[in-house]
Amino acid sequence: MSTLFPEREIFLRSGTKVRFLRVTRRAQMLAVGGVSIALAGWAAMTVSVLADSAVIARERAALSRQGKAVANSAGKVEAYRKSVQDLARDLEARQDFLDDLYRSHFGEEGEADAAALIDKAEKNAKDATPRRRIGAAPESAPLLKIEQRQKRFAALLTAAVERRAARAAAAIRGFGLNPDALARSAARAQGGPFEPWHGGEAALSKGLKSLASALARMEVLERGLIAIPSGQPTATAMLSSSYGYRSDPFNGHAAFHAGVDFPGRYGQPILAAARGTVRFVGQRQGYGNVVEIEHGNGILTRYAHLSGFGARVGQTVSRGQPIARMGSTGRSTGTHLHFEVRLNGQAVNPRPFLQAREDILEVQQIAKDRFADIGNRG
């Protein structure tokens, strides 16, 4: 100890005075001990502060992780809610689309057929496990099952529509016409500003587009089928001259006869062979007095050699409605009706229209009834 803490004397000079300050070994030891205690206390406090800072940092990090976890959970909940809402909106838009398609093409008739298709779709989807959408919430499983049922219904309805369109096409061929050519001639003029459908492209799935396409084809074919004249233009059943090449009744030379002739009594009623709009009433060279009716889809019927008229231009006439009277005007050898059917301006043989089989006429009548029902309810 004496070596570490030897007694010391400190000289203090003030002017001419000199003072001696003795620092004892004990005082030195007490001073060093005090300083050591102070340093130890400061070190302990520093360590404590550092420890507290580390604890606070860990707590802050834990709180930050909890906050992120809560935010992530909230984001997932919002994403789930949005996915369910989007799916519900798609389903609603798809259902509206199906309803609009069905009403616009079938009216309210055929509900039993639609109910049967819905029952079949529900039965097929009953045990099916719906395929989950990416990002869809588990709670959306019931909606996904409805979506599967809608898709199955659309597929079943598409198949039913295609079968009906096939029957209409077969009936058109039964009249001696090409259904595809008739459909092309019936292409409807369309236009107008583009307004996006509120359901969006997501709701208009591939299945619904196929259904819309099938319904459009069926409508064109059935409208074309309705336009085909199948009614007798007069009460006389016997034909005095057929369609095609013949010997001209005036000069005996070979000539083409563009229609068929019905003999009868003077003034006998002439009837519209199908529903249509009167486009011409007057005289044409060689035909004498003529009435022409446009039936749509490029089909026109011509009634010639008339003695009088019973219709006016622009008038809508029904099948079997009197439009004129039989006569012998124009290039004619006697009282009769010259009857023509023209498709896109070209004469075609009227015989298949006048001698159509009952099953063909039945398909045509079904189409007429459907469009009549839609018109009455529209």
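A search of the whole structure, which is a predicted model, finds three aromatic pairs. One of them joins Tyr243 and Phe256 in an edge-to-face arrangement, with 5.3 Å centre to centre and 80 degrees between the planes. Because Tyr243 lies in the loop between helix 6 (206–227) and strand 3 (244–247) while Phe256 belongs to strand 4 (residues 254–257), this pair ties together parts that are 13 residues apart in sequence. Tyr243 counts as partly exposed, at 24% relative accessibility, and Phe256 is also partly exposed, with a relative accessible area of 44%.

| Arginine | Ring | Distance from the ring centre |
|---|---|---|
| Arg284 | Phe280 | 3.9 Å |
| Arg302 | Tyr287 | 4.8 Å |

Turning to the backbone, Asn297 has a positive phi of about 60 degrees although it is not a glycine, and this residue is placed in the loop between strand 8 (288–296) and strand 9 (299–304). Asn297 counts as buried because its relative accessibility, 14%, is under 20%. Asn344, likewise not a glycine, has a positive phi near 55 degrees, and its place is in the loop between strand 13 (336–343) and strand 14 (346–348).

For the chain as a whole, there are eight helices and 14 strands, and buried residues make up 36% of the 378 residues. Of the contacts with a separation of 6 or more, 68% are between residues 24 or more positions apart. The chain exposes about 22500 Å², of which carbon and sulfur atoms supply 55%.

Conventions: Residues numbered from 1 in each chain as written. Predicted model: local features only at pLDDT ≥ 70, side-chain atom pairs only at ≥ 80, totals over all residues. Heavy atoms only, no water. Helix = DSSP H or I, 4+ residues; strand = E, 2+ residues; numbered from the N terminus. Buried < 20%, exposed > 50% of the residue type's maximum accessible area, 1.4 Å probe, protein only. Contact = heavy atoms within 4.5 Å. Areas by Shrake-Rupley, 256 points an atom, 1.4 Å probe, with all protein chains shown as cover. Phe/Tyr/Trp six-rings, centres within 6.5 Å; stacked < 30°, edge-to-face > 60°. Lys NZ or Arg CZ within 6 Å of the ring centre and 35° of its normal.
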